[in-house]
Amino acid sequence: MAKIVFKHPESLKENIFHYCPGCGHSIVHRLVAEVIDEMGIRGITIGVPPAGCAVLAYNYFDVDMIEALHGRGPAMATAIKRCLPDRVVFSYQGDGDLAAIGIAESFHAANRGENFSVIFINNAVYGMTGGQMAPTTMLNQRSTTTPAGRKQSVDGYPVKVSEIFSRLDGAAYVERCAVSSPAGVNKTKKAIRKAFQCQLDGLGFSLVEVLSLCPTNWKLSSVDSCKYIDEVMSKVFPPGVYKDLTGKTGKTAEARP
Amino acid sequence: MNKVLMSGNNVIGEAAIRAGCRFYAGYPITPQNELTEYMAEHMRNAEGGIFIQSESEVAAINMIAGASAAGVRVMTSSSGPGISLKQEGISSMAAQELPGIIVNIMRGGPGLGNILPSQGDYFQATRGGGHGDYRTIVFAPGSGQELADLTMDAFDLADKYRTPAMILADGMMGQMMEPVIFKKPKPRQYPEKFMLRGAGGGKSKFIRGLLLDPVDSEAHNWKLARKYEVISENETRFEEHRLDDAKLVIVAYGTAARIAKGAIKRLRSHDMKIGLFRPITLWPFPEMRLRTLSATVKNFLVFEMSTGQMLEDVRLALQGYADIEFHGRPGGAVPTPAELANVIARVYEQKD
Ligand SMILES: Cc1ncc(C[n+]2csc(CCOP(=O)(O)OP(=O)(O)O)c2C)c(N)n1
Ligand code: SF4
Ligand SMILES: [Mg+2]
């Protein structure tokens, strides 16, 4: 009998993604769904999609979901997880959502060591609203609101979320990945699994930053977008494990009743 | 049940916990800090009680929205600037049909204003406050006892209609000490099907916010509008005080109504036939009752601790069938009953 090597994840509905061809959101959705399937946690998972290109994520994930206002996912996720501590809760956020308008909610959820996971899509632009500058837009990168490229003198520097959040005592696990290659995709999936395990183990806040393609607003082909991640983005936002307390025992388990 | 002497802020907190509120998030702001502190202290002893001092009012409202979706009774509280920050979240709770209680202990505004009692947030409270076509149920308690009763009722109505409800009081109500009796709360009636707690073995659910399809979006708006109509028909509350022979009726709510009662007592002892109409729900506004009154009473005086906000609702209610005078004290000014009595007497004598 033939062995099934590839199938539609059960935690993903049959609906067709509205994402642009080559969009990183599609890849990450699939990875999250696969992890949910493999961990057998579909029935206890609650997701909080953002305002951003992933705003309709509830049409795709076959788990309970509530859409948050722009940037406020971590506040909602905090409350849901506190009320239902035995559920797996994740917020799914873009870079504008997490690092601009919602930086306070994200920062403080991490700092409190809230026991949920953030899937953070860093595509260096505001995808949904048409390619404006994001907090993660790189110096000299063009966007519709930095037509001559991002200038440090007026726009400041790209915000390095993993570096910053890993410094917070409440963060238990922070890793930055990239979905620009098969190896990167596999790594991202492992990281998502680790983040969910981290919350099942009650260790505290976990965040997986994903360098993610936005071919539409980068005005690049999918292939060139992958190259762009590998050759440009990864230099500014180096992938890697920024914090990992998952191996340590006893840590913060007592902090969360 | 025994009477207890408590400050208004604490009464709201105690009533909420007794009503089964098990999630509170808030951010310090005067004059409502005692309520936040009360929740910090007493949620600890309530089974399953969760208290979070949030990083902002924005976070607080989104936290209660999340907890509400999870199926818990929720409350947040603030004042002036903090309530303004919550508006996007309140609009979203109305849209997502999430029950929850927002307490506004009004202070002087606009802007940072001051920390004195005021009624300048009437428009914000009764017109929805945030963006979009929605309403919130707004209770305006007039005593410690009403703070207790209406807080409990607000939880029931928020659940019944799956919509946020507001307790609109002010710094004076929050601070004042009065004896209250806490009634026995009704058991909660809120179906599990509205709660988001994980799909288990069944179908997954979602609560969305964005309705891109105009057909969906219009239908959702009309659905909400029909709900607000039902609320208007069934949940309007008001008090009538010494109206039977009144020639002049004061219309006032909350602290202003308390002051008006003091003034009316004085004036009645001088044989002036003055009564009080006190809206208890500001939305829905007791419009019909007020209009009916205009068949027998031709002179009204609206008194507010603002430059005249409820005044507009009184005008809409009376539709020109009666004369309306206005007296307002904005920005944290609180007149004594004696001062107000002078104003009322002047109007009364002009009309007499
Ligand atoms: C309060 C508020 N301000 C602005 C918006 C408009 N808005 C929606 S998504 C978005 C930016 C999304 O960018 P990002 O978070 O990076 O997500 P992406 O679309 O790139 O995945 C903005 C500005 C909004 N929905 N709410
Ligand atoms: S705009 Fe960018 S992020 Fe949004 S769906 Fe298209 S490719 Fe994806
Ligand atoms: Mg983005």
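**Notebook: ligand 1 and the magnesium site**

I counted as a polar contact a pair of N or O atoms within 3.5 Å. A backbone N or O atom of A:G127 also lies 2.8 Å from a ligand 1 oxygen, and for A:M128 the distance is 2.9 Å. Alone, ligand 1 exposes 590 Å², of which the protein buries 76% (Shrake-Rupley method, 1.4 Å probe).

I noted that the model is predicted, with local features needing pLDDT of at least 70 and side-chain atom pairs pLDDT 80 or more, while totals for chains, interfaces and linings use all residues. Residues are numbered from 1 along each chain, chains are lettered from A and ligands numbered from 1 as written, and side-chain values use heavy atoms, without hydrogens or water.

I then examined the shell around ligand 1, which divides into 6 nonpolar, 8 polar and 3 charged residues. Gly counts as polar here. Chains A and B both contribute residues, so the site is shared between chains. The largest share, 4 residues, comes from α3(A).

Next I looked up the magnesium ion (ligand 3), which is coordinated by A:D95 (OD), A:N123 (OD1) and A:V125 (O) at 2.1 to 2.3 Å. Donors are N, O and S atoms within 2.8 Å of the metal (3.2 Å for Na, K and Ca); water is absent, so sites may look incomplete. A:D95 lies in helix α3 and A:N123 in the loop between β4 and β5 of chain A, so the pair ties together parts 28 residues apart in sequence. I recorded A:D95 and A:N123 as both buried (under 20% relative accessible area).

Methods:
A residue is near a molecule or strand if one of its heavy atoms lies within 4 Å of it. A polar contact is a pair of N or O atoms within 3.5 Å; within protein, one must be able to donate a hydrogen and the other to accept it, and residues adjacent in sequence count only if both atoms are side-chain atoms. Helices (H or I, at least four residues) and strands (E, at least two) are DSSP runs, numbered from the N terminus. Buried means under 20% relative accessible area, exposed over 50%, partly exposed in between (1.4 Å probe, protein chains only).
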